[in-house]
Amino acid sequence: MRKPIIAGNWKLNKNIKETVELLEALKKELADIKDVDIAVCPVFTSLVDAAKAIEGSNIKLGAQNVYWEDSGAYTGEIAPAMLKEIGCTYVIIGHSERRTYFGESNETVNKKIKAALVHGLLPIMCIGERLEEREQGKTFAVLEDHLQGGLEGISADDMLKIIIAYEPVWAIGTGKTATPQQAQEAHKYIRDFLKKKYNEDIAAAVRIQYGGSVKPANISELMAQEDLDGALVGGASLKVDSFSQIVKGARK
Ligand code: PEP
């Protein structure tokens, strides 16, 4: 039985004060939730204060990106151990915005996943097709490419520590959600890939989140799909009401 996981990707939003305010409200609203894992991923500069704000609660912390080197002449980058040091549990890797605007590739995603795992961070690896790729019938080919490249050289034991987020690029921040059937079809493809690359047990254990305009109104029908184990939430994670409702709606 896979425990659902809802993670909020705050992107480039909220300063420290706003971060702490939102977390204080979420802590109260979600205090009783034990059957869903909850994570928030604020901007780097808020992480230390966010860690203090959620201490002792059922909300865990994630970062939105990481670099693969431990230290050195890499201006502007943050190392995995530094995220671990300040209390991060998760790290989002390969979000489509990073692939599109910052040149991330399967190769960099793979290096980041390996580095995160070495330092005990749990990667949330994002994959997904663009609209034109879906329209050209290339959805599965893109998923295969992202999975092959991103998971190159990852052992079965390490695979159990990775969460995959299926995020169709055309659904991110557009208000256009994949239908539950479209999401399930992609999630099943991903689970079948894991079955082939690893084995049935690994495939059955790995959690696959859906991401792309998840809202309180659509979380239940998405979660009703067999291979959907939670959500990576952007816009709707920025408000206490919508994020709390999504977390509560994720209970299976
Ligand atoms: C995301 O940023 O991962 C995302 C899914 O955003 P949104 O929920 O706003 O579509």
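Predicted model: local features only at pLDDT ≥ 70, side-chain atom pairs only at ≥ 80, totals over all residues.
## Getting oriented

Helices here are DSSP runs of H or I with at least four residues, strands are DSSP runs of E with at least two, and both are numbered from the N terminus. Residues are numbered from 1 along each chain as its sequence is written, and side-chain values use heavy atoms, with hydrogens and water left out.

## The chain as a whole

The protein chain has twelve helices and eight strands. Its radius of gyration is 17 Å, close to the 18 Å that the globule rule gives for 252 residues, so the chain is as compact as a globular protein of that length. (The radius is taken over C-alpha atoms, and the rule is 2.2 Å times the number of residues to the power 0.38.) Along the principal axes, the C-alpha atoms fill a box of roughly 45 × 45 × 35 Å.

How much of the chain is buried? Buried residues make up 52% of the 252, where buried means under 20% relative accessible area, exposed means over 50%, and partly exposed is in between (1.4 Å probe, protein chains only). The chain exposes about 11,300 Å², and carbon and sulfur atoms supply 51% of that; such areas come from the Shrake-Rupley method with a 1.4 Å probe, and for residues only the protein chains shown count as cover. Now for contacts, meaning heavy atoms within 4.5 Å: of those in the chain with a separation of 6 or more, 73% are between residues 24 or more positions apart.

## Two helices side by side

Take a look at helix α1 (residues 16–30) and helix α12 (residues 240–249), which pack at an angle of about 35 degrees with their axes 10 Å apart. The axes are lines fitted to C-alpha atoms, for helices over the stretch in contact, and angles run from 0 to 180 degrees between N-to-C directions. Is the crossing left-handed or right-handed? The crossing of α1 and α12 is right-handed; that label applies if the near helix is turned clockwise from the far one by less than a right angle, and left-handed if anticlockwise.

On the α1 side, Leu22, Ala25, Leu26, Glu29 and Leu30 meet Val240, Phe243, Ser244, Val247 and Lys248 of α12. These contact residues divide into seven nonpolar, one polar and two charged. For that sorting, Ala, Val, Leu, Ile, Met, Phe, Trp, Tyr, Cys and Pro count as nonpolar, Asp, Glu, Lys and Arg as charged, and the others, Gly among them, as polar.

Several residues of α12 are buried: Ser242, Phe243, Ser244, Ile246, Val247 and Gly249. Their cover includes β1, α1, β2 (37–41), α11 (219–223) and β8 (230–233).

Back to Ser237, which counts as buried at 0% relative accessibility. Setting aside neighbours within four places in sequence, Ser237 is in contact with Gly8, Asn9, Trp10, Leu22 and Phe243.

Lys11 sits in the loop between β1 and α1, and has a positive phi of about 50 degrees although it is not a glycine. Leu12 is in the loop between β1 (5–9) and α1 too, and counts as exposed at 77% relative accessibility. Apart from neighbours within four places in sequence, Leu12 is in contact with Val43 and Gln64.

Ile86 lies in the loop between α3 (80–85) and β4 (90–93) and counts as partly exposed at 26% relative accessibility. Leaving out neighbours within four places in sequence, Ile86 is in contact with Leu47, Val48, Ala51 and Leu61. Ile86 and Leu61 are 25 residues apart in sequence and 9.5 Å apart in space, C-alpha to C-alpha.

The loop between β7 (208–211) and α11 holds Ser213, another non-glycine with a positive phi, this one about 55 degrees. Ser213 is buried, with a relative accessible area of 15%. Ala217 lies in the loop between β7 and α11 as well, but is exposed at 75%. Within helix α11 itself you'll find Ser220, partly exposed at 46%.
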